[in-house]
Amino acid sequence: LHFACLETRRAAACEVGAGDRLSDADDGLVELRTAIDEARQELQAVIDDGAGPDEDVDAWSEAITEARRDLDDRIFDLRRELSSDGALPRSVSSDAVIARLGPGEVAASFLRYPRDVSDDGGAAIDHYVAFVLDGTSDEVRRVELGPAVQIDALVADWRLSMGRVQGPTRGGAESEPDELDVEQRAGALLRAALLDPVLDVLPAAPRVVRYVPDGDVHLVPLEALTASDGRRIGDDVDFRRHLYLADGRVGAIRATGREEFVAVGDVDFDAGVEEGAPRGPFDPLYATSDEIKRAGALFEAAHGRAPVLLSGPGATQEEVLTAAPRARYLHFATHGLTSSSDDGGSTAADRTIDLLRGLAPMALGGLALAGANGGSPESLLTGAEILARELDGCELAVLAANDSASGAMDAARSQ
């Protein structure tokens with residue numbers, strides 16, 4: 001039951017985009033989609049306007065709450081209509097998932113959840129669990145993986161190890177042949193905690209593992225972890241990462257026929273900023289000019305089409321939002337930005353960020369575009385603005401930006 005509820009919720013969230021496409025032919029649903037876009041823009045406008053010098057912060061917070069409530073109501077209306085038309089899945093069963101598995105394939109759905117660890121139900125600690133299915137049984141195997149703090153620490157250690165000097169030596173001597181380097185050791189520890197318990201419940205070694213990550217497991221390409229013999233575990237097992245497990249349409253990218261490559265780099269963050277005016281924190285990223293040109297050249301050689309490169313003062317929000325829906329590949333080489341009150345501040349600004357973290361977390365982070373040092377909302381591309389665009393034809397998006405994977409952790413996990 002837990003597995004079915006989890007995957008039904010994931011499938012519904014992912015299929016909203018597919019339902020949006022189906023609504024193109026229905027005037028009533030088109031109106032609902034338009035209303036949702038307008039509500040998103042209104043919420044962003046209220047946030048961007050801020051609390052004026054003579055305006056009560058609480059009144060501004062109420063306006064944000066009301067705008068978010070209006071957006072939620074419109075999204076609910078669309079989902080209700082799509083569900084009644086059969087565009088959204090009503091439920092996902094384990095039998096349907098198992099039926100789609102081929103020979104030697106297994107499915108694993110990871111979940112980070114608060115687990116009660118007290119006798120009276122008064123304390124809960126986040127844990128990881130994996131729901132495991134294979135074609136040899138109709139049973140869903142529940143595998144408890146342990147406290148999230150331990151696994152998250154192993155994830156962090158493995159990621160950090162990739163930036164350390166590999167192959168440690170003693171007194172300048174060569175490492176022993178059987179001595180694993182830093183990254184391999186960290187990868188082996190993470191594999192033992194995260195994958196071994198899953199693989200141990202299977203009757204035979206799998207050929208393919210289809211998996212859905214959660215929490216910090218999103219940060220780990222499982223195939224890159226170290227196997228017990230020191231090789232990569234992906235050398236023997238094909239790991240396929242998906243958005244959800246339902247009806248064989250696992251995380252599929254819509255075939256649009258579009259072959260566009262859109263890259264943003266060498267952005268002029270001072271565009272339009274008058275001399276002597278207060279300047280924002282974004283320094284030039286000169287090397288990103290070569291970065292996007294090289295990436296564009298690789299695309300052109302492979303696909304025979306010229307890339308779309310947005311740079312300098314031309315890398316504006318308007319240009320990016322116009323080009324992005326046509327892209328199969330997106331590449332952003334710019335600054336990321338986040339807002340956070342994790343230091344426990346109690347100012348009006350801190351309280352507002354706390355409010356947004358709960359109600360509109362996607363408005364707290366984004367990417368800096370042309371003119372960002374002038375502070376104009378139009379020079380930033382927030383997560384909320386990206387959500388308002390149809391980007392389901394995008395197969396790969398690269399965020400080569402500082403702080404593009406940061407922000408309020410509880411908001412990121414809730415999204």
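Rings of Phe, Tyr and Trp (its six-membered ring) pair if their centres lie within 6.5 Å; planes under 30 degrees apart count as stacked, over 60 as edge-to-face and the rest as tilted. A search of the whole structure by that rule finds four aromatic pairs. The structure is a predicted model, where local features need pLDDT of at least 70, side-chain atom pairs count only at pLDDT 80 or more, and totals for chains, interfaces and linings use all residues. Residues are numbered from 1 along each chain as its sequence is written, and side-chain values use heavy atoms, with hydrogens and water left out.

Start with the sheet. It is open, has five strands in the order S3-S2-S1-S4-S5, and its pairing is mixed. Helices (H or I, at least four residues) and strands (E, at least two) are DSSP runs, numbered from the N terminus. Two strands pair if DSSP finds at least two bridges between them. Strands of a sheet pair through backbone hydrogen bonds, either parallel or antiparallel. S3 and strand S5 (238-241) stand at the edges. Each has a single partner strand, so one side of each is left without a neighbour in the sheet. From one strand to the next, the twist averages 25 degrees. Axes are lines fitted to C-alpha atoms, for helices over the stretch in contact, and angles run from 0 to 180 degrees between N-to-C directions.

Now look at S4 and S5. They pair in the parallel sense over four bridges. Tyr-211 stands opposite Arg-241 in S5. Tyr-211 also forms an edge-to-face aromatic pair with Phe-239, at 6.4 Å centre to centre and 75 degrees between the planes. Tyr-211 lies in strand S4 and Phe-239 in strand S5, so the pair ties together parts that are 28 residues apart in sequence. Tyr-211 is buried, with a relative accessible area of 1%. Buried means under 20% relative accessible area, exposed over 50%, partly exposed in between (1.4 Å probe, protein chains only). Phe-239 is buried too, at 8%.

H5 lies across S1, S2 and S3, running at about 75 degrees to S3. Contact means heavy atoms within 4.5 Å. What does Leu-145 contact, leaving aside its neighbours within four places in sequence? Its contacts include Phe-110, Tyr-128, Ile-151, Leu-194 and Val-198.

Next comes the nonpolar core, a set of buried Ala, Val, Leu, Ile, Met, Phe, Trp, Tyr and Cys residues joined through side-chain atoms within 4.5 Å. The largest one has 28 residues; Phe-110, Leu-145, Leu-194, Leu-222, Leu-225 and Phe-239 touch the most other members. Elements that each supply at least two residues include strand S1 (105-116), helix H5 (148-161) and helix H6 (182-194). H5 gives the largest share, four residues. Apart from this core lies another, of 23 residues, among them Phe-282, Leu-310, Ala-324 and Leu-369.

The rings of Phe-299 and Tyr-329 have their centres 6.1 Å apart and their planes at 70 degrees. Phe-299 lies in helix H8 (residues 287-303) and Tyr-329 in strand S8 (residues 327-332), so the pair ties together parts that are 30 residues apart in sequence. Phe-299 is buried at 4%, and Tyr-329 is buried at 16%.

One local detail remains. Asp-266, in strand S6 (residues 260-267), has a positive phi of about 50 degrees although it is not a glycine. Asp-266 is partly exposed, with a relative accessible area of 26%.
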